[in-house]
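User: I want to learn how to read a structure of this kind. Please show it, then start with secondary structure.

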Amino acid sequence: DSVVAVGFETASRATLFAKNSDRKADECQPLLQFPESSYPPDARVRCTHIRISQVAETYRVLGHSPWWVWGFEHGVNEHAVAIGNQTVFSKEPIEEQPGLIGMDLVRLGLERGRTARESLEVIAGLLEAHGQGGAAFGLGAGGYHNSFMLADPDEAWVLETSNRHWAARRTGLESLSNHHSI
């Protein structure tokens with residue numbers, strides 16, 4: 001679950017972002033930091049289940065996720081963009097082919113987005129191109145659809161997905177749990 005209050009909604013005028021984890025209690029979630037990096041034009045990145053094209057430059061990121069996942073359950077980048085994801089279930093069946101999982105999309109959004117809006121566009125584009133699928137509850141377990149809370153010091157967004165479909169809306173004060181709200 002996530003909650004955000006953009007600066008104009010808070011007494012201190014600071015944007016607040018919080019995310020809790022509802023993963024299994026015994027699932028180790030290390031806190032990881034990766035520096036900004038540059039890559040050659042043909043570089044690829046190995047996400048949790050698939051490889052995708054890498055961008056020329058990535059931003060410095062800090063986040064955590066289950067030990068076996070490439071991405072982040074939630075994190076922040078050097079530009080003060082914060083992103084967290086939640087499990088959501090829709091009536092649409094999960095894609096059978098492996099794709100990106102929500103935690104991959106969080107990290108990719110942080111590595112490639114300078115603002116919350118730019119990160120949203122990164123996630124939406126990758127979702128459309130690669131879909132979401134594969135184990136996300138544990139090795140060999142099923143996947144799920146995702147919603148995301150994205151924030152930077154000036155604005156926040158809710159992004160909800162079902163397979164390769166998505167919807168987004170700007171917000172100033174919001175909480176998300178495990179259901180669609182748009």
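Analyst: Helices (H or I, at least four residues) and strands (E, at least two) are DSSP runs, numbered from the N terminus. Here Gln86 lies in strand β10, residues 82-88. The chain has 2 helices and 14 strands. This is a predicted model: local features need pLDDT of at least 70, side-chain atom pairs count only at pLDDT 80 or more, and totals for chains, interfaces and linings use all residues. Residues are numbered from 1 along each chain as its sequence is written, and side-chain values use heavy atoms, leaving out hydrogens and water.

User: Is Gln86 buried or exposed?

Analyst: Buried means under 20% relative accessible area, exposed over 50%, partly exposed in between (1.4 Å probe, protein chains only). Gln86 has 2%, so it is buried. Across the chain, buried residues make up 51% of the 182 residues.

User: What else does Gln86 touch?

Analyst: Contact means heavy atoms within 4.5 Å. Leaving out residues up to four places away in sequence, Gln86 touches residues including Asp1, Lys19, His145, Phe148 and Leu176. For the chain, take contacts between residues at least 6 apart in sequence: 65% join residues at least 24 apart.
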